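Open the model in your viewer and keep the selection tool ready. We will go from stop to stop, and at each one you select something and look.

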Amino acid sequence: MNPASPSNPRTHVEPVAWRDGALWLFDQRLLPAVERHVECTTSAAVVEAIGTMVVRGAPAIGIAGAYAMVLAAREAWQRDGTRWREIWQADVTAIREARPTAVNLAWAVARMLETAAGVATGDPEPALLARAQALHADDLAANHRMGRLGAALIAPASVIMTHCNAGALATAGHGTALGVIRDAHAAGCVREVFATETRPWLQGARLTAWELAREGIPVRLVTDGAAAHVMRTQGVSWVIVGADRVAANGDVANKIGTYALAIAARAHGARMMVVAPLSTFDPATPDGDAIHIEERTAEEVTMIGGQRHAPPGVGAYNPVFDVTPAHLIDVLVTEAGIIERPDRARLAMLATGR
Ligand code: MRU
């Protein structure tokens with residue numbers, strides 16, 4: 001993983017890019033202070049980048065995982081062209097398990113394995129690269145479609161709350177929740193966005209606020225604990241978030257704090273919108289209880305900016321996702337259409353319509 005500047009810097013947000021045979025990731029650990037790209041030339045470097053949150057957000061880690069599969073195949077092929085399938089197995093497992101909650105990663109690995117199975121002879125890299133690039137392009141197209149569908153539900157002068165970062169940085173571009181907010185703003189329907197800061201990693205403060213402010217979309221930060229008060233006093237009409245996994249019954253895993261926002265939204269008459277591409281839907285997971293919730297280090301909670309603020313000897317419990325039950329979700333937006341009041345039957349219809 002080599003930190004460097006890309007040869008072709010771009011002004012738009014591009015969290016994942018394939019250039020000159022390598023994967024370039026926009027380092028999300030350093031924003032907004034530093035805009036830097038990291039070059040990955042091995043699958044192990046991509047696995048490390050996913051684990052350390054250089055790249056984050058469910059669709060973005062899925063796309064990074066797809067390109068990691070290309071790098072893993074290249075490494076295995078260069079070691080032994082006759083045994084590459086056997087050699088790349090360990091890397092495939094490491095890629096799939098780089099982070100557990102976002103199903104997009106396992107989904108992307110499965111799509112890449114389908115392509116690998118179709119490679120009869122010769123170097124697998126061209127076919128795998130073409131598939132990774134297609135998954136990348138499909139995600140961008142899905143975001144634009146979801147943006148249009150979701151924005152059509154937003155009335156003029158709406159006040160919107162969003163949580164974590166479900167923006168261009170978390171996807172191939174445009175974003176899921178922020179894609180809806182971008183399109184609603186372009187249609188003149190957004191009075192203001194309240195972005196929750198999203199402790200402990202501060203995706204809202206560092207990433208969502210950065211994305212919205214640089215496009216002139218009015219945004220104010222609130223602490224996570226202020227959310228219910230803001231809903232009660234500031235006329236919030238929608239809470240719009242992304243997802244890491246949607247179970248077969250419509251339960252949604254997303255950034256820790258989403259569940260509390262959904263409860264508060266229901267109590268205050270705000271509507272809850274979850275925006276997620278089909279790559280985030282997991283029909284094999286029956287409900288939210290079956291979703292593996294990632295826990296990260298205590299230091300993410302006990303320290304801020306490298307300084308410990310908790311008393312010595314006090315530890316922390318740090319689950320980084322939670323599950324919002326389907327009954328608290330008003331609208332689920334996918335690229336295949338909108339599902340109001342999602343439940344198992346409505347999601348099954350979506351699956352058959354794929
Ligand atoms: O830990 P993160 O930053 O990867 O968590 C990201 C989220 O929870 C997002 O809301 C989700 O992945 C959807 S991104 C379009």
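**Stop 1: the ligand between two domains**

Color domain 1 (2-142) and domain 2 (149-352) separately. Both domains give residues to the shell around the ligand, so the ligand lies between them. Keep in mind that this is a predicted model.

**Stop 2: the shell**

Now select the residues around the ligand. How many residues surround the ligand? There are 18, and the closest are Arg 56, Arg 99, Asp 244, Asn 254 and Lys 255. Color the shell by class.

**Stop 3**

Zoom in on the oxygen atoms of the ligand. Start with Arg 56: one of its polar side-chain atoms is 2.6 Å from a ligand oxygen. Step along to Gly 57. Here a polar backbone atom lies 3.0 Å from an oxygen atom of the ligand. Then pick Asp 244, where a polar side-chain atom sits 2.8 Å from a ligand oxygen.

How much of the ligand does the protein bury? Taken alone, the ligand exposes 420 Å², and the protein buries 99% of that.

**Stop 4: the space itself**

Hide the ligand and look at the space it takes. That space is the largest cavity. Which elements give two or more residues to the shell? Select helix H2 (58-79) and strand S10 (252-255): these are the ones.

**Stop 5: a positive phi**

Go to the loop between helix H1 (43-51) and H2, and select Met 53 there. Its phi is near 70°, a positive value in a residue that is not glycine. Most residues other than glycine have a negative phi, and most peptide bonds are trans.

**Stop 6: two cis peptide bonds**

Select Leu 31 and Pro 32. A cis peptide bond joins them, with omega about 0°. Pro 32 belongs to the loop between strand S3 (22-26) and strand S4 (37-40).

Next, select Arg 199 and Pro 200. They too are joined by a cis peptide bond, and omega is about 0°. Where is Pro 200? Find it in the loop between strand S6 (190-196) and helix H8 (203-213).

How values were computed
Residues numbered from 1 in each chain as written. Predicted model: local features only at pLDDT ≥ 70, side-chain atom pairs only at ≥ 80, totals over all residues. Heavy atoms only, no water. Near = heavy atom within 4 Å. Polar contact = N/O pair within 3.5 Å; in protein donor to acceptor, adjacent residues only side chain to side chain. Areas by Shrake-Rupley, 256 points an atom, 1.4 Å probe, with all protein chains shown as cover. 1 Å grid on protein atoms, 1.4 Å probe; cavity = no way out; pocket = protein on both sides within 12 Å on 5 of 7 lines; lining within 4 Å. Sits in = over half its atoms within 2 Å of the grid points. Helix = DSSP H or I, 4+ residues; strand = E, 2+ residues; numbered from the N terminus. Domains from an automatic or database assignment.
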